[in-house]
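I opened my notebook to look a few things up in this structure, one topic at a time. Come along and check each entry against the picture.

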Amino acid sequence: EAHHCVVSNTWGKVISAFPAARILAVTATPRRASGEGLGNVFDSMVLGPSVRELIDAGYLSDFKIYGPATVNTQGMHVRAGEFIQAEVAERMSSPSITGDAIAHYRKLADGKQALVFCYSVEHSKQTAAEFRAAGYKFEHLDGGTDRGIRKAITADFRSKAIQGICSCDLFSEGFDVPGVECGILLRPTASEGLYLQQVGRCLRS
């Protein structure tokens with residue numbers, strides 16, 4: 001996830017401490033939400049294969065995207081490359097939105113292994129509860145979840161003992177569990193990088 005590296009953060013300080021080192025930095029989304037470039041840290045970029053090329057070569061799964069009606073983001077303000085959280089919460093607060101997501105899951109991906117990307121921890125908890133109320137085995141995880149519980153729920157997801165995991169900013173990057181069959185995006189985002197990271201969780205073949 002080298003797109004997180006800036007001169008002032010921990011990664012940047014490590015690189016600065018070894019000026020003679022040759023650095024190979026890897027990321028699927030070489031951009032920062034703030035819009036700053038990476039040229040102040042790295043000298044050049046080597047463009048790897050595209051998602052379509054990786055699908056054709058058998059390294060990633062092919063996909064279908066469904067775009068049911070969702071919240072209108074027109075007029076929402078952007079700060080540091082992302083929608084302001086309070087405005088997202090205001091637009092997403094209607095219970096009908098999660099209800100529609102459950103209805104579309106039932107129609108398009110009934111019972112498939114799903115990751116649900118939510119806009120807040122509380123929203124994630126509520127969404128998991130509503131999926132359970134609809135008869136599905138969904139669980140919530142966040143950064144404060146006990147490590148043992150997190151491992152157990154992830155193992156249950158791998159073994160298909162549960163059908164879905166709801167989270168906020170936990171699985172957008174670095175979560176590699178082959179077998180994810182469906183991604184449900186309940187978090188409006190102005191960040192193309194975040195969007196690509198989220199849908200990328202579902203492309204592991």
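**Entry 1: strand pairing.** I began with strand S3 (residues 114-117) and asked how it pairs with S5. The two pair in the parallel sense, over 4 bridges. This is a predicted model, so I keep that in mind with every entry. For one bridge I looked up the partner of Phe 117 in S5, and found Ser 167.

Next I turned to strand S4 (residues 138-140). S4 and S5 also pair in the parallel sense, over 3 bridges. Here His 140 stands opposite Cys 166 in S5. I then traced the chain from S4 to S5: the path goes through helix H6 (residues 147-158), and this β-α-β crossover is right-handed.

S3 has another pairing to note: S3 and S6 pair in the parallel sense over 4 bridges. In S6, Phe 117 has Leu 185 as its bridge partner.

**Entry 2: which way the side chains point.** In strand S5 (residues 164-167), are the side chains buried or exposed? Gly 164 and Cys 166 point one way, Ile 165 and Ser 167 point the other way, and all are buried. I then looked at strand S6 (residues 182-185), where the side chains alternate.

**Entry 3: aromatic rings.** My count of aromatic pairs came to 6. One of the pairs I looked up is Tyr 105 with Phe 131: the ring centres are 5.6 Å apart and the planes stand at 80°, so this pair is edge-to-face. Tyr 105 lies in helix H4 (residues 95-108) and Phe 131 in helix H5 (residues 121-133), so the pair links distant parts of the chain, 26 residues apart. Tyr 105 is buried, with a relative accessible area of 2%, and Phe 131 is buried too, at 0%.

Phe 131 also pairs with Phe 138, and that pair is stacked, with 4.1 Å from centre to centre and 10° between the planes. Both Phe 131 and Phe 138 are buried. Which residues do the ring pairs link into a cluster? I wrote down Tyr 105, Phe 131, Tyr 136 and Phe 138.

**Entry 4: a nonpolar patch.** On the surface I found a nonpolar patch formed by Val 51, Phe 63, Ile 65, Leu 185, Tyr 195 and Leu 196, with about 500 Å² of accessible area together. Tyr 195 lies in helix H7 (residues 192-200), and its relative accessible area of 31% makes Tyr 195 partly exposed.

**Entry 5: salt bridges.** Side chains of opposite charge can pair when their charged atoms come close. How many salt bridges does a search of the whole structure find? It finds 3.

Arg 52 and Asp 56 meet in a salt bridge at 3.6 Å, N to O. Both lie in helix H2 (residues 51-56), 4 residues apart, which is about one turn of the helix. Arg 52 also forms a salt bridge with Asp 62, where the closest N and O atoms are 3.2 Å apart. Asp 62 sits in the loop between H2 and strand S1 (78-79), 10 residues from Arg 52. I noted Arg 52, Asp 56 and Asp 62 as a network of salt bridges. Arg 52 is partly exposed at 38% relative accessibility, while Asp 56 is exposed at 59% and Asp 62 is exposed at 51%.

Arg 132 is partly exposed at 40%, and Glu 139 is partly exposed at 29%.

Key
Residues are numbered from 1 along each chain as its sequence is written. This is a predicted model: local features need pLDDT of at least 70, side-chain atom pairs count only at pLDDT 80 or more; totals for chains, interfaces and linings use all residues. Side-chain values use heavy atoms; hydrogens and water are left out. Buried means under 20% relative accessible area, exposed over 50%, partly exposed in between (1.4 Å probe, protein chains only). Two strands pair if DSSP finds at least two bridges between them. A crossover is right-handed if, with the strands pointing away from the viewer, the path from the first strand over the helix to the second runs clockwise. Rings of Phe, Tyr and Trp (its six-membered ring) pair if their centres lie within 6.5 Å; planes under 30 degrees apart count as stacked, over 60 as edge-to-face and the rest as tilted. Patches are made of residues with over 30% relative accessible area and no salt bridge: like charges are joined within 9 Å, nonpolar side chains (Val, Leu, Ile, Met, Phe, Trp, Tyr) within 5 Å. Accessible areas come from the Shrake-Rupley method with a 1.4 Å probe; for residues, only the protein chains shown count as cover. A salt bridge is a side-chain nitrogen of Lys or Arg within 4 Å of a carboxyl oxygen of Asp or Glu.
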